[in-house]
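I opened this entry to record what I looked up on confidence, domain division and helix packing. The notes follow the order of the look-ups.

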Amino acid sequence: MSGKSYKIAVLPGDGTGPEVVVEGLKVLKASANKFNFTMDFTEYDWGGDRYLATGEVLPEDASETLKQYDSVYLGAIGHPDVKPGILEKGILLKLRFDLDQYINLRPVKLYPGVDTPLKDKGPEDIDYVVVRENTGGLYTGIGGFTMKGTADEVAVQSMVYNRAQVERCIRYAFEYTRKRGKKNTLALSGKTNVLTYVYDLWERVFNEVGEADYPDITREYYHVDATCMWMVKNPEWFDVIVTGNMFGDIITDLGAITQGGMGIAAGGNINPNGVSMFEPIGGSAPKYTGKNVINPLAAIASGQMMLDHLGETEAAAAIEKAIIHVTGQKMKSMGAGKMGYSTTEVGDLVAEHV
Ligand code: IPM
Ligand code: MN
């Protein structure tokens, strides 16, 4: 019941992005009404269609424009007629970098009624959060080609981290683990046996910061390959996992499928001191576009994360409760076209329950 008012930039984007965003906005509006705050939404048409029509990936002042908002709410970026990389790098990654959203927060939580491919595992076993570093590492884009097109061609892409980048991510993860207050366990996922520079740095910072400032948090370490194994075999071991950008990208797709897939997995690109951006972690799903069959729950859950981040925790909790009601009592499946309801109907069900 904050009575506050928020300015939200909405980027529906490509493919099914606009369809799921409409349902997310429906639920956000319902919660604003119920919990007595207001949200002012401004849409921007950035994405593949605009690029094909104008030749411009993003307006020059896009990032500056977004800095004037309290949060950004994003649908999906990626267009079948645009070469892979152009929109992803030119829009999604550019915004993450320009807005210094150095954390990608990805909860892996299995809701009641949702099928998981993990045998004998239920909602009590699959409930952890991955803190992915979001602006460094292999994503920095440092590298290049020499002798391109010849038999001796060399391609280099470097995993680059400075200590400050690692430290701010690790501190965020410790704080988050403490605030979450579940098992008070933070696991670093790395590769100290091969990436003996980058993950050596991560491990040293992890232990130094943990020892000095977070004695109440238990520290664990897993190599990233083993992390994948335990995420499948013993997901109940995990509370919070912190890792670099590339490993985080990979393990969160694995995490997503264990929680029911891209239809339900949400994430937040967080700048703790600036403007954050919330998005379903799946793509633009071109083959389902315009059919009213895509699952909007991931977008709805990313709206929930946005409200939580803005401090509207009661409203966020109400959205989560409504999602649990709909997955547990209503929907047949999380898959596009198999939900037993249309995209619009799922949005209606959640909004009504809020
Ligand atoms: C994600 C996506 C992006 C990433 C792509 C689209 C650039 O896979 O958000 O996980 O690699 O971060
Ligand atoms: Mn990814």
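For the helix packing I took each axis as a line fitted to C-alpha atoms over the stretch in contact, with angles running from 0 to 180 degrees between N-to-C directions. The model is a predicted one.

Entry 1, helices H5 and H6. I looked up how helix H5 (residues 163-180) lies against helix H6 (residues 198-213): the angle is about 45 degrees and the axes are 9 Å apart. H5 is therefore oblique to H6, since angles under 35 degrees count as roughly parallel and 65 to 115 as roughly perpendicular. I noted the crossing of H5 and H6 as right-handed. On the H5 side, Arg163, Val166, Glu167, Cys169, Ile170, Arg171, Phe174 and Arg178 make the contact. Their partners in H6 are Leu201, Trp202, Val205, Phe206, Glu208, Val209, Gly210 and Asp213.

Helix H7 (residues 224-233) packs with helix H8 (residues 245-258) at about 10 degrees, with the axes 10 Å apart. H7 is therefore roughly parallel to H8. From H7 I listed Val224, Thr227, Cys228, Met231 and Val232; from H8, Phe247, Ile251, Leu254, Gly255 and Thr258. The class count for H7 with H8 is seven nonpolar, three polar and no charged residues.

The crossing of H1 and H11 is right-handed. Glu19, Glu23, Lys26, Val27 and Ala30 of H1 meet Thr343, Thr344, Gly347, Asp348, Val350 and Ala351 of H11. I counted four nonpolar, three polar and four charged residues in the contact of H1 with H11.

The assignment gives domain 1 as 1-101 + 265-354 and domain 2 as 116-259. I read a separation of 25 Å between the centres of the two domains, taken over C-alpha atoms.

I noted an average pLDDT of 97 for the protein chain, with 100% of the residues scoring at least 70. Among its elements, helix H4 (residues 86-98) has the lowest mean pLDDT, 96, and strand E10 (residues 240-243) the highest, 99.

Technical notes: Residues are numbered from 1 along each chain as its sequence is written. Chains are lettered from A and ligands numbered from 1 in the order in which they are written. This is a predicted model: local features need pLDDT of at least 70, side-chain atom pairs count only at pLDDT 80 or more; totals for chains, interfaces and linings use all residues. Side-chain values use heavy atoms; hydrogens and water are left out. pLDDT is the predictor's confidence in each residue, from 0 to 100. Helices (H or I, at least four residues) and strands (E, at least two) are DSSP runs, numbered from the N terminus. Angles under 35 degrees count as roughly parallel, over 145 as roughly antiparallel, 65 to 115 as roughly perpendicular and the rest as oblique. A crossing is left-handed if the near helix is turned anticlockwise from the far one by less than a right angle, and right-handed if clockwise. Contact means heavy atoms within 4.5 Å. Domain bounds come from an automatic or database domain assignment. Ala, Val, Leu, Ile, Met, Phe, Trp, Tyr, Cys and Pro count as nonpolar, Asp, Glu, Lys and Arg as charged, and the others, Gly among them, as polar.
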